[in-house]
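Hi everyone, thanks for having me.

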Amino acid sequence: SEHFNPADVKDCGSYGKLVDGVCVCEKHFHGEHCQYYHSRRCTTDEQCGSEHAYCMRKLFLQCRLSAHCKDPWGWCVPLD
């Protein structure tokens, strides 16, 4: 007879769900436990494809007048 061992249950973290013994990850997350985030270019949070990520841009007050900082593109980053 087999005994249930909680350590044997695969953990998919906050970004995946266990389906047939395999983690199925949210969009842009990957890895055996959905622990990696594939960052990408963005201009809005919605382009990051997850409620767990946002678009970080260089549009901050200190560089408003610099041409380098006027680029509206940023990178998607996970919230945690």
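I'll start with the overall picture, then go through the disulfides, the rings, one histidine and some backbone angles.

First, a word of care: what you're looking at is a predicted model. Okay, so what is it built from? The protein has seven strands and zero helices. If you read from the N terminus, the elements simply go β-β-β-β-β-β-β. There are 80 residues in the protein, and 24% of them are buried. The accessible surface comes to about 6200 Å², and carbon and sulfur atoms account for 56% of that. One more overall number: take the contacts between residues at least 6 apart in sequence, and 31% of those join residues at least 24 apart.

Now let's look at a sheet. Find β5, β7 and β6 on your screen: they make an open sheet of three strands, in the order β5-β7-β6, and the pairing is antiparallel. The edge strands are β5 and β6, since each of them pairs on one side only. If you zoom in on β5 and β7, you'll find two bridges joining them. β7 covers residues 74-78, and Gly74 in that strand stands opposite Cys42.

How many disulfides does the structure hold? Four. I'll show you three of them, including the one with Cys42.

Cys42 is bonded to Cys55, with the sulfur atoms 2.0 Å apart. Where do these two sit? Cys42 is in strand β5 and Cys55 is in strand β6, so this pair ties together parts that are 13 residues apart in sequence. Remember that β5 and β6 are the edge strands of our sheet. The torsion about the S-S bond is about 95°, so the Cys42 and Cys55 disulfide is right-handed. Both of these cysteines, Cys42 and Cys55, are buried.

Next up is Cys48 with Cys76, where the S to S distance is 2.1 Å. Here Cys48 comes from the loop between β5 and β6, while Cys76 is in strand β7, so the link ties together parts that are 28 residues apart in sequence. This link is left-handed, with -90° about the S-S bond. Cys48 and Cys76 are both buried too.

The last one I'll show is Cys25 with Cys34, with sulfur atoms 2.1 Å apart. Its S-S torsion is about -90°, so the Cys25 and Cys34 disulfide is left-handed. Are its two ends buried or partly exposed? Well, Cys34 is buried, at 1% relative accessibility, but Cys25 is partly exposed, at 25%.

Right, on to the aromatic rings. A search of the whole structure turns up two aromatic pairs. One of them is Tyr15 with Phe29, and that pair is stacked: the centres are 4.0 Å apart, with 10° between the planes. Tyr15 is in the segment before β1 and Phe29 is in strand β3, so the pair ties together parts that are 14 residues apart in sequence. Both Tyr15 and Phe29 are buried.

What does His52 touch, leaving out residues up to four places away in sequence? The answer is Ser14, Tyr15, Glu26, Phe29, Val77, Pro78 and Leu79. You'll spot our stacked pair, Tyr15 and Phe29, in that list. His52 and Tyr15 are 37 residues apart along the chain, yet their C-alpha atoms are separated by 8.0 Å.

Last topic: backbone angles. Most residues other than glycine have a negative phi. Which residues here have a positive value? Two to look at are Asp20, with phi near 50°, and Cys34, with phi near 55°. Asp20 is in the loop between β1 and β2, and at 79% relative accessibility it is exposed. Cys34 is in the loop between β3 and β4, and we've already seen that Cys34 is buried.

Conventions. Residues numbered from 1 in each chain as written. Predicted model: local features only at pLDDT ≥ 70, side-chain atom pairs only at ≥ 80, totals over all residues. Heavy atoms only, no water. Contact = heavy atoms within 4.5 Å. Pairing = 2+ DSSP bridges. Helix = DSSP H or I, 4+ residues; strand = E, 2+ residues; numbered from the N terminus. Disulfide = S-S within 2.5 Å. Buried < 20%, exposed > 50% of the residue type's maximum accessible area, 1.4 Å probe, protein only. Phe/Tyr/Trp six-rings, centres within 6.5 Å; stacked < 30°, edge-to-face > 60°. Areas by Shrake-Rupley, 256 points an atom, 1.4 Å probe, with all protein chains shown as cover.
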